[in-house]
Amino acid sequence: MKLNWQHHPWAGVFPATLCPFHEDESIDEAGLRQYMQELASVPGIKGVVCNGHTGEIMSLRLHERQRVTQITAEAVGDKVKVVSGVSAEGSLPAIDDALAAKEAGADAILLMPAHHWLRFGRTPETAVGYFQDVAEGADIPIIVHQYPAWTKAGYSLEEMLEMVKIPQVICIKMGTRDMARWRWDYEQLREAAPDVPILTCHDEYLLASLLEGSDGALIGFAGFVPELMVDVVHAALNDDLIGARKARSQVDALARIVYNFGEPSSDAHQRMKCARWLMGRFPSMTMRRPLRQLSTAEVDKIRERLETTGYQCVNNLPSNPHALACGM
């Protein structure tokens with residue numbers, strides 16, 4: 001049974017958002033507010049997801065995560081849903097983080113796996129129990145963040161089938177990155193939980209995962225070029241293959257600038273932030289430590305490739321005043 005994605009509150013397009021910083025690495029609250037308002041005003045955007053990997057959650061202090069959520073909720077009002085990422089190493093800290101997000105105005109959380117699992121693994125009881133703990137302790141809608149199958153933190157189909165039995169689990173961000181499993185997992189989950197949407201986060205092969213079985217997309221690229229992402233996702237979900245391919249062709253060149261044929265990564269998020277800043281659509285390209293800033297050569301390369309693709313840029317590095325100007 002296919003889910004009615006147009007009317008379901010947790011299906012469709014959800015940008016994983018960037019977080020702007022001043023040069024001293026403090027949060028640019030005015031810039032963040034303006035950015036969130038811009039995303040929320042794009043027709044077809046169902047919700048915004050702050051404090052994800054794209055938003056540099058790992059470099060934010062806990063009180064800053066709550067502040068980012070609060071600003072986001074104030075900025076978008078009731079236009080779209082607000083989701084806040086939660087990343088913790090144990091159930092109690094995750095519950096605290098989820099409660100803080102709830103207090104700040106989040107409609108749901110994106111619950112990441114505990115990252116020590118990446119090294120040590122975990123049992124199925126631990127994985128499912130983690131979601132049960134947070135659901136009971138915070139009582140807030142939860143989006144499952146499925147990590148790649150090649151990590152020790154990725155969930156099996158059997159584990160996800162148990163997770164969707166938890167009333168607070170309202171969606172799965174499917175990042176399996178194993179296309180041989182994709183459709184089987186989608187079909188089994190759809191049969192078991194017909195009202196729990198599956199959202200792809202496969203920026204690097206978005207169309208393939210949408211066509212194999214998805215009810216929308218929760219992706220960083222929608223925080224970069226939201227209008228284009230809405231076109232691609234909606235065409236695919238409406239079974240308009242010609243329209244989806246046409247929209248995707250406009251995205252391909254930008255995706256190669258950002259992802260360089262790879263998966264989303266911290267340096268890809270840097271290039272995304274840089275490109276949007278060059279186009280005059282983001283207040284700063286500053287990243288939080290331990291990430292180092294992009295070199296002048298890398299920024300110039302991104303500028304050149306944006307111009308070649310047909311985008312104009314309006315910002316230049318202060319240390320490079322003679323560089324070509326470029327904007328959308």
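A crossing of two helices is right-handed if the near helix is turned clockwise from the far one by less than a right angle. In this predicted model, the crossing of α2 and α3 is right-handed. Helix α2 spans residues 62-76, and helix α3 spans residues 91-104. Their axes lie 8 Å apart and meet at an angle of about 30 degrees. Angles under 35 degrees count as roughly parallel, so α2 is roughly parallel to α3. On the α2 side, the contact involves Leu62, Arg65, Gln66, Thr69, Gln70 and Ala73. Their partners in α3 are Asp97, Ala100, Ala101, Glu103 and Ala104. By class, the residues of this contact are five nonpolar, three polar and three charged.

Helix α11 covers residues 266-278, and helix α12 covers residues 296-309. The two pack at an angle of about 60 degrees, with 10 Å between their axes. That angle makes α11 oblique to α12. The crossing of α11 and α12 is right-handed. Helix α11 contributes Arg271, Cys274, Ala275 and Leu278 to the contact. Helix α12 contributes Glu298, Val299, Ile302, Arg303 and Leu306. Six residues of the contact of α11 with α12 are nonpolar and three are charged. No polar residue takes part in the contact of α11 with α12.

Cysteines were considered next. A search of the whole structure finds zero disulfides. A disulfide requires two cysteine sulfur atoms within 2.5 Å. For cysteine 19, the closest cysteine sulfur belongs to cysteine 50 and is 8.7 Å away, too far for a bond. Cysteine 19 has 2% relative accessibility and therefore counts as buried. For cysteine 201, the closest cysteine sulfur is that of cysteine 171. The distance is 11 Å, which is again too far for a bond. Cysteine 201 is also buried, with a relative accessible area of 7%.

Glutamate 56 brings one of these cysteines back into view. Glutamate 56 sits in the loop between β2 (47-50) and α2. Its relative accessibility is 8%. Buried means under 20% relative accessible area, so glutamate 56 counts as buried. Residues up to four places away in sequence aside, glutamate 56 touches Cys19, Phe21 and Lys273, among others. Further contacts of glutamate 56 are Thr286, Met287, Arg288 and Leu291. Cys19, touched by glutamate 56, is itself buried.

Key:
Residues numbered from 1 in each chain as written. Predicted model: local features only at pLDDT ≥ 70, side-chain atom pairs only at ≥ 80, totals over all residues. Heavy atoms only, no water. Axes fitted to C-alpha atoms, helices over the stretch in contact; angles between N-to-C directions. Helix = DSSP H or I, 4+ residues; strand = E, 2+ residues; numbered from the N terminus. Parallel < 35°, antiparallel > 145°, perpendicular 65-115°, else oblique. Contact = heavy atoms within 4.5 Å. Nonpolar A, V, L, I, M, F, W, Y, C, P; charged D, E, K, R; others polar. Buried < 20%, exposed > 50% of the residue type's maximum accessible area, 1.4 Å probe, protein only.
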